[in-house]
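Here is a friendly tour of one protein chain, meant to be read with the model open beside you. Take a look at the sequence and structure before reading on.

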Amino acid sequence: MSRRNPFDEIERMFDRMNDQFGRFNEMPVPATQSVSVDLADTEDSFEVTADLPGYDREEIDLSVADRTLRITAERDDSTEESDGDYLRRERHTRSVSRSLTLPERVEEGEASAAYTNGVLTVTLPKAASDSDSRSIDID
């Protein structure tokens, strides 16, 4: 008569749990990252170019005040998997941000921005005097 080892079933349960938790370790960790930018100084304006692939226009926020341009983008993703008795739901937030001090004051009211194919281009006309903060709409 053979006896069944009760620890065999426990070991199989741990193996299944490790397989499930191993999938979590493969997921990206939500974090805030910095945006790489290029700043071009033309005769009458500054042009800032930033790569923001994977973001929608509505997920990007721009503002300019006191010679500082702020770029932030945030995206929420969620996935759901069902495997027999298990249901796994993942929620991820990905965000990037960058504050850039401009070499000179700009006309905040005349700033413009465009977002095409994951590339954000912000044009900031140079100013001779101070002005208040202004949000920038993206075309």
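## Confidence in the model

A word that helps from the start is pLDDT, the predictor's confidence in each residue, on a scale from 0 to 100. You are looking at a predicted model, and its mean pLDDT is 82, with 83% of the residues at 70 or more. Among the elements, strand E8 (residues 119-125) has the highest mean pLDDT, 96, while strand E1 (residues 32-34) has the lowest, 66.

Please take some care with residues 25-31, where pLDDT stays under 50. The model has seven contacts beyond four places in sequence for this stretch. Where pLDDT is low, the predicted coordinates should not be read in detail.

## Overall layout

The chain has 139 residues, and 27% of them count as buried. Its secondary structure comes to one helix and nine strands, in the order α-β-β-β-β-β-β-β-β-β from the N terminus.

Among contacts between residues at least 6 apart in sequence, 58% join residues at least 24 apart.

## The nonpolar core

The largest nonpolar core holds 25 residues, and the ones that touch the most other members are Leu 52, Ile 71, Leu 120, Val 122, Leu 124 and Ile 136. Two or more core residues come from each of these elements: strands E3 (45-51), E4 (60-65), E5 (68-83), E6 (86-101), E7 (112-116) and E8.

Beyond four places in sequence, the residues touched by Leu 120 include Val 48, Leu 52, Ile 60, Leu 62, Ile 71, Tyr 115 and Ile 138. Ala 113 and Ala 114 are also among its contacts.

Ser 45 is worth a visit too: this residue sits in strand E3 and is buried, at 11% relative accessible area. Setting aside neighbours within four places, Ser 45 contacts Ala 40, Thr 123, Leu 124, Pro 125 and Lys 126.

## A nonpolar patch on the surface

Which residues form a nonpolar patch on the surface? They are Phe 7, Ile 10, Phe 14 and Met 17, and together they have about 420 Å² of accessible area. Phe 14 belongs to helix H1 (residues 6-25) and is partly exposed, with a relative accessible area of 47%.

## Salt bridges

How many salt bridges does a search of the whole structure find? There are three. In one of them, Asp 41 pairs with Lys 126, and the closest N and O atoms are 2.6 Å apart. This pair links distant parts of the chain, 85 residues apart: Asp 41 is in strand E2 (residues 37-41), and Lys 126 is in the loop between E8 and strand E9 (134-135).

Lys 126 also meets Glu 104 in a salt bridge, at 3.9 Å from N to O. Glu 104 lies in the loop between E6 and E7 and Lys 126 in the loop between E8 and E9, so this bridge ties together parts 22 residues apart in sequence. Glu 104 counts as partly exposed, at 36% relative accessibility. Through shared partners, Asp 41, Glu 104 and Lys 126 are joined into one network.

Asp 66 and Arg 105 form another salt bridge, with their closest N and O atoms 3.9 Å apart. Here Asp 66, in the loop between E4 and E5, is linked with Arg 105, in the loop between E6 and E7, 39 residues apart. Asp 66 counts as exposed at 53% relative accessibility, whereas Arg 105 counts as partly exposed at 29%.

Notes. Residues are numbered from 1 along each chain as its sequence is written. This is a predicted model: local features need pLDDT of at least 70, side-chain atom pairs count only at pLDDT 80 or more; totals for chains, interfaces and linings use all residues. Side-chain values use heavy atoms; hydrogens and water are left out. Helices (H or I, at least four residues) and strands (E, at least two) are DSSP runs, numbered from the N terminus. Contact means heavy atoms within 4.5 Å. A nonpolar core is a set of buried Ala, Val, Leu, Ile, Met, Phe, Trp, Tyr and Cys residues joined through side-chain atoms within 4.5 Å. Buried means under 20% relative accessible area, exposed over 50%, partly exposed in between (1.4 Å probe, protein chains only). Patches are made of residues with over 30% relative accessible area and no salt bridge: like charges are joined within 9 Å, nonpolar side chains (Val, Leu, Ile, Met, Phe, Trp, Tyr) within 5 Å. Accessible areas come from the Shrake-Rupley method with a 1.4 Å probe; for residues, only the protein chains shown count as cover. A salt bridge is a side-chain nitrogen of Lys or Arg within 4 Å of a carboxyl oxygen of Asp or Glu.
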